[in-house]
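Subject: Structure handover

Dear colleague,

Here is the structure we spoke about, with the sequence. My notes on it follow below.

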Amino acid sequence: MGVVPNSFVYNALINSLCKDGKLEEVESLFNSMSIKGLLPNEAMSSVMVDSFCKWGKLNLARNLLGKMIEMGVKTSIYPYNSLIDGYCKIGRLNVVESLFSEMISRGFEPTVISYTSLVSGYCKEGDMTKAFRIYHEMAGKGIHPNTYTYTALISGLCHANRINDANALFVKMVGRNIPPNEVTYNVLIEGYCRAGDLVRAFQLLGEMVEKGLVPDSYTFRSLISGLCSVGRMSEAKEFTDDLHKENHKLNAMCYSALLHGFCKEGRLNDALSIYGEMLERKVTVDLVCYGILIDGCLKQNDKRMLLELLKKMNDQGMKPDNVIYTSMVDAYSKAGNLMKVYQLWDIMLSEGCYPNVVTYTATINGLCKLGYISKAHLLCKEMVATNCLPNQITYGCFLDYFTREGNMVNANELHQLMLKGCLSNAVTYNILIRGYCKLGMLQNASHLLIETLENNIKPDCISYSTVIYKHSSGGDIQEAIKLWELMLQKGIVPDAVAYNILIRGCCSSGELTKAFELQEDMLRKGAKPGRVSYRSPPFGVPLGISE
């Protein structure tokens, strides 16, 4: 006769299987235990639930906990904390709230871990009001927030573009002797980089190092990206070189920021030089990096390098993803090469790579620009049929086509549908305004400026500039000036293009005093004067300034 395993043996086996992620076998053993009337101990029940949560099997974990409670297994707060953390990470906060209530009803008081998971969940969803409500609730119960609680809140504030509030909370955290860790510094550094305050970002890097904390790839990527975003490419490259001299190993994530910066400025050769450095330093060039370089080649129309990069990808066993295919579709659509667009679609689908909303929209845009409105409409129907819902930009392509054709009836009908579906914004109104201005229907265009506010959409500088340009170029400079004053009253800051439109209009109408007044105001506010370049822009307003 074989030895019948007891609870101790089962618990040991389950513990081993949990560590290996063999969850089906765990479930099978648990069922076998149940049939024999054996129960896992308190520690093992926590391990089982935690393992299922870590492997993303949250519903199974919750059912498992329910079964164990029904069987009379002694539980603790730990499996609840595992479930709360797991559901928070996937944004299922309604389930989390239910678990909180269940946990409290069973006599378990939430701990700092429970509260921190919930705070983090609300922060990730962008609901800072609820996040701070939980933060104050835990403090009110005498549960002190820890480093992770503060880091979650600081991260949430940074993502909500509330960098000053994030810094104030950071100062409060340090003042309460709660030590920030590497993640705390990383999220704050990233926040300042996104806000364009590179001085403060580098100060925080210095603080971090002084405290003995070790900056990593996330720290460096934020700083490199921050420098690139404000056009300080030479400094970004110099900073990267200094990091190499200090023996910091940079990964593809850091290099992708440099590649993006150079390609954004049209400096493809510099980007390719960085790519060469990556190969030399044996840094893995991932799909993101290839995608940036391919997009750069498309924008510079460098077909030779495009083919070379695609070949190198293929040699490394990598296939373009839908982001890369969409970049190519977009480039060829804009160039009017629909044959190449359809070829790319065929290749993409044959490789099991499915188009997304951007791929569809890029193709629809190309069709609309070439006047193939019926084909664009059919593709939009296919898009809906494949459960890929059109967005503001998709509908904007059709709106742009109707206004360019002078078909304001269809344009307005479409826009009304967009308003009902909450898909209208300042850009879609600008397209309509441009359409009316092009037809000389300035009263309709001016009415749209009022309508935007009625629909809780704030018109921008382009909205007003389009109508101002039409009034001033038509000789009605007083109406243009009146609209300018209204724009300023609404708190909209004019850009260099807007200033140049009105200055030129004033000069043409003999309003030289007003022209000089505008020029002085423009220089005082740091805008750059120049001659307005009268090319055809997207919204019917001169958008280029030439020296």
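Which residue's side chain does a polar contact of 3.2 Å join to the side chain of Asp216? The partner is Asn186. Please keep in mind throughout that this is a predicted model.

Asp216 sits in the loop that runs between α12 (198–210) and α13 (217–229). With a relative accessible area of 29%, Asp216 is partly exposed, because that class lies between the 20% and 50% limits. Glu182 is 34 residues away from Asp216 in sequence, yet the two C-alpha atoms are 8.4 Å apart in space.

The chain as a whole

The chain has 547 residues, and 47% of them count as buried. Its secondary structure amounts to 30 helices and two strands. Taking the contacts between residues at least 6 apart in sequence, 58% join residues at least 24 apart.

Thr116

Leaving aside residues up to four places away in sequence, Thr116 touches Asn146, Tyr148 and Thr149. Thr116 has 10% relative accessibility and therefore counts as buried, the limit being under 20%.

The pair α4 and α5

Two packed helices are described by the angle between their axes and the distance between the axes. For helix α4 (residues 58–71) and helix α5 (residues 77–89), the axes come within 10 Å and cross at roughly 160 degrees. The two helices are therefore roughly antiparallel, as angles over 145 degrees count as such. Their crossing is left-handed. On the α4 side, the residues that meet α5 are Leu58, Asn59, Ala61, Arg62, Leu65 and Ile69. They face Pro79, Tyr80, Leu83, Gly86 and Tyr87 of α5.

Helix α16

Does the length of α16 agree or disagree with what its residue count predicts? Helix α16 covers residues 268–280, which is 13 residues, and at 1.5 Å a residue these should span 18 Å. The C-alpha atoms at its ends are 18 Å apart, so the two values agree.

The buried residues of α16 are Leu268, Ala271, Leu272, Ile274, Tyr275, Glu277 and Met278. An α-helix has 3.6 residues a turn, so residues three or four places apart point the same way. Leu268, Ala271, Leu272 and Tyr275 are among the buried residues of α16. The cover over the buried residues of this helix includes α14 (233–245), α15 (252–264), α17 (287–299) and α18 (303–315).

Lys282 follows α16 and lies in the loop between α16 and α17. Its phi is positive, about 60 degrees, although Lys282 is not a glycine. Lys282 has a relative accessible area of 75% and is therefore exposed, the limit being over 50%.

Asn247 is placed in the loop between α14 and α15. This residue is not a glycine either, and its positive phi is about 65 degrees. At 68% relative accessibility, Asn247 counts as exposed.

Regards

Technical notes: Residues numbered from 1 in each chain as written. Predicted model: local features only at pLDDT ≥ 70, side-chain atom pairs only at ≥ 80, totals over all residues. Heavy atoms only, no water. Buried < 20%, exposed > 50% of the residue type's maximum accessible area, 1.4 Å probe, protein only. Contact = heavy atoms within 4.5 Å. Helix = DSSP H or I, 4+ residues; strand = E, 2+ residues; numbered from the N terminus. Expected span 1.5 Å × (residues − 1). Axes fitted to C-alpha atoms, helices over the stretch in contact; angles between N-to-C directions. Parallel < 35°, antiparallel > 145°, perpendicular 65-115°, else oblique. Left-handed = near helix turned anticlockwise from the far one by under 90°. Polar contact = N/O pair within 3.5 Å; in protein donor to acceptor, adjacent residues only side chain to side chain.
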